[in-house]
Amino acid sequence: MQSIKVSVRRLDNEVPFPRAAYPGDAAFDLPTAVDVEILPGERVKLPTGLAVAIPQGCAGLVLPRSGLADRLGIGVVNSPGLIDSGYRGEISVILVNLSRETVRFSKGDRIAQLMVVSVPSVQLAEADRLDSTERGEAGFGSTGWRGDDYNGPETRK
């Protein structure tokens, strides 16, 4: 397995250094660098007090924390947030409160996760036509949503 080194700069020495909670975890916890109250239905952009150097050939994905979503109704608005390899500024996280209660975070609380992934080099080529596939242009909802809606491609004629 390839190891990827990511340099992390603390812009605020009072926030904890990102870490994975358990060995083998896929992402590192990100803190908030401020105290905040998020009202029901409100969204806020929170600084983390951290900047990273994502290596070329990789990207950083800012992901929600499932425990915050489950217990508090907190989500990451643009999930996943994308950190390109050339960005060196502070990581910010846009949270939304989907609950009916005000949610409070204190400086240093873990609000999101950072996952670093390898990305291929992609070259786009303009085309007059695209190759055909079984799915074709079937888009949103094309496979149904109930467990018994989908019986395989032979039922979608």
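These notebook entries record what I looked up in a predicted model.

**Entry 1: the open sheet**

I began with the strand order. I found an open sheet of 4 strands in the order β1-β4-β8-β6, with antiparallel pairing. The edge strands are β1 (7–10) and β6 (74–76), and each of them pairs on one side only. I noted a twist that averages 45° from one strand to the next. As background, I recorded that the strands of a sheet pair through backbone hydrogen bonds, either parallel or antiparallel.

I then looked up the pairing of β1 with β4. These two strands run in the antiparallel sense and are joined over 4 bridges. Which residue of β4 is the bridge partner of Val8? I found that the partner is Val52.

**Entry 2: the largest pocket**

I next turned to the pockets. The largest pocket holds about 470 Å³ of space. I counted 18 residues in its lining, and those nearest its centre are Ile4, Val6, Ala26, Phe28 and Val116. Which strands each supply at least two residues of this lining? I listed β2 (28–31), β4 (43–53) and β10 (110–118).

For the largest pocket, the lining divides into 15 nonpolar, 2 polar and 1 charged.

**Entry 3: the second largest pocket**

I repeated the search for the second largest pocket, where about 210 Å³ of space lies. This pocket is lined by 14 residues, and Val62, Asn78, Leu82, Ile83 and Ser92 lie nearest its centre. I found that β7 (81–83) and β8 (90–97) each supply at least two residues of the lining. By type, the lining of the second largest pocket divides into 8 nonpolar, 3 polar and 3 charged.

**Entry 4: Thr32**

Thr32 lies in the loop between β2 and β3 (36–38).

I then asked which residues are in contact with Thr32, leaving aside its neighbours within four places in sequence. I listed Val15, Leu46, Pro47, Phe105, Ser106, Lys107, Gly108, Asp109 and Ile111.

Definitions and conventions
Residues numbered from 1 in each chain as written. Predicted model: local features only at pLDDT ≥ 70, side-chain atom pairs only at ≥ 80, totals over all residues. Heavy atoms only, no water. 1 Å grid on protein atoms, 1.4 Å probe; cavity = no way out; pocket = protein on both sides within 12 Å on 5 of 7 lines; lining within 4 Å. Points joined across faces, edges and corners; volume = space filled by probe spheres on them. Nonpolar A, V, L, I, M, F, W, Y, C, P; charged D, E, K, R; others polar. Pairing = 2+ DSSP bridges. Axes fitted to C-alpha atoms, helices over the stretch in contact; angles between N-to-C directions. Contact = heavy atoms within 4.5 Å.
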